[in-house]
Amino acid sequence: MKGDQPWGWYGFDERKVNGIPNIQPSIKVMSEMALEGMTTMGMFLLFFPKIRIDTILKETNKNLAENPVTFGELLRFFWILLFMLTISGFSKRDFWSSTPVSVKSGAPYRFHEWMSLQRFDNIMKSLGLTKRDPPEYKDPFWEIREMISL
């Protein structure tokens, strides 16, 4: 702990102090011009390849046999999930509250327009991340190993 503050920024850049140069991030296989014109969806698919999404779609639909999710609906689910993860201090239900958005209470956004809370919950609990069977040994990350072994 530095000073009286147990957390946060202490007024200096750790990277600069340690001599790490300020290098602009880049994606080596793409030109700067291609990246500038890329949509948010294009950028998402660049880092989360369609082959992985197709696996998740297929495995999730095995669990949602009566009401399968479409590719577009799965992307919408991911968008909602990632968006919720960027905002702290609210319950999941707050994002589907029927009360108007207010500065004093509830989440700052409502997702009724894109997906019902029941559908979101059904997809969440049915989410299949891999086509592999669980290993015989204890591995808490077995479901995501396929995603990280590109």
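This is a predicted model: local features need pLDDT of at least 70, side-chain atom pairs count only at pLDDT 80 or more; totals for chains, interfaces and linings use all residues.
1. Phe141 first: this residue counts as partly exposed because its relative accessibility is 48%. The cut-offs here are under 20% relative accessible area for buried, over 50% for exposed, and partly exposed in between, with a 1.4 Å probe and protein chains only. Phe141 sits in the loop between helix 6 (117–126) and helix 7 (145–148). Helices are DSSP runs (H or I, at least four residues), numbered from the N terminus. Together with Ile144 and Ile148, Phe141 makes a nonpolar surface patch of about 300 Å². Patches take residues with over 30% relative accessible area and no salt bridge, and nonpolar side chains (Val, Leu, Ile, Met, Phe, Trp, Tyr) are joined within 5 Å, like charges within 9 Å. The areas come from the Shrake-Rupley method with a 1.4 Å probe, and for residues only the protein chains shown count as cover.

2. Before going on, some bookkeeping. Numbering runs from 1 along each chain as its sequence is written, and side-chain values use heavy atoms, with hydrogens and water left out.

3. On to the charges. Side chains of opposite charge can pair when their charged atoms come close. There are four salt bridges in the structure, a salt bridge being a side-chain nitrogen of Lys or Arg within 4 Å of a carboxyl oxygen of Asp or Glu. One of them joins Lys50 and Asp54, at 3.0 Å from N to O. These two are about one helical turn apart, because they sit four residues apart in helix 4 (residues 50–63). Lys50 is partly exposed at 45% relative accessibility, and Asp54 is partly exposed at 30%.

4. Helix 4 holds another such pair: Glu59 and Lys62 lie three residues apart in that helix, about one turn. Their closest N and O atoms are 3.2 Å apart, in a salt bridge. Is each end buried or exposed? Glu59 is buried, at a relative accessible area of 10%, whereas Lys62 counts as exposed at 53%.

5. The bridge between Glu73 and Arg119 has its closest N and O atoms 2.8 Å apart. This pair links distant parts of the chain, with Glu73 in helix 5 (residues 71–85) and Arg119 in helix 6, 46 residues apart. Both Glu73 and Arg119 are buried.

6. Now the core. The largest nonpolar core has 22 residues, and Leu74, Phe77, Trp96 and Phe120 touch the most other members. Such a core is a set of buried Ala, Val, Leu, Ile, Met, Phe, Trp, Tyr and Cys residues joined through side-chain atoms within 4.5 Å. Helix 4, helix 5 and helix 6 each supply at least two of its residues, and helix 5 gives the most, with seven.

7. With 15 residues at 1.5 Å a residue, helix 5 should span 21 Å, and its end C-alpha atoms are 21 Å apart, which agrees; the expected span is 1.5 Å times one less than the number of residues. Its buried residues are Glu73, Leu74, Leu75, Phe77, Phe78, Ile80, Leu81 and Met84. They pack against helix 3 (40–47), helix 4 and helix 6. Leaving aside neighbours within four places in sequence, Phe77 is in contact (heavy atoms within 4.5 Å) with Met115, Phe120, Ile123, Met124 and Leu127.

8. What does helix 6 pack against through its buried residues? Helix 4 and helix 5. The residues concerned are Leu117, Arg119, Phe120, Ile123 and Ser126. From the helix 4 side, Thr60 is buried at 0% relative accessibility. Not counting residues up to four places away in sequence, Thr60 touches Val69, Ile123, Ser126, Leu127 and Gly128.

9. Last, the loop between helix 5 and helix 6, where Ala107 lies. Ala107 is buried, with a relative accessible area of 0%, and beyond its neighbours within four places it contacts Phe90, Asp94, Phe95 and Val101. Lys92 has its place in the loop between helix 5 and helix 6 too, but Lys92 is partly exposed at 34%. Outside four places in sequence, Lys92 is in contact with Met84, Leu117, Phe120 and Asp121.
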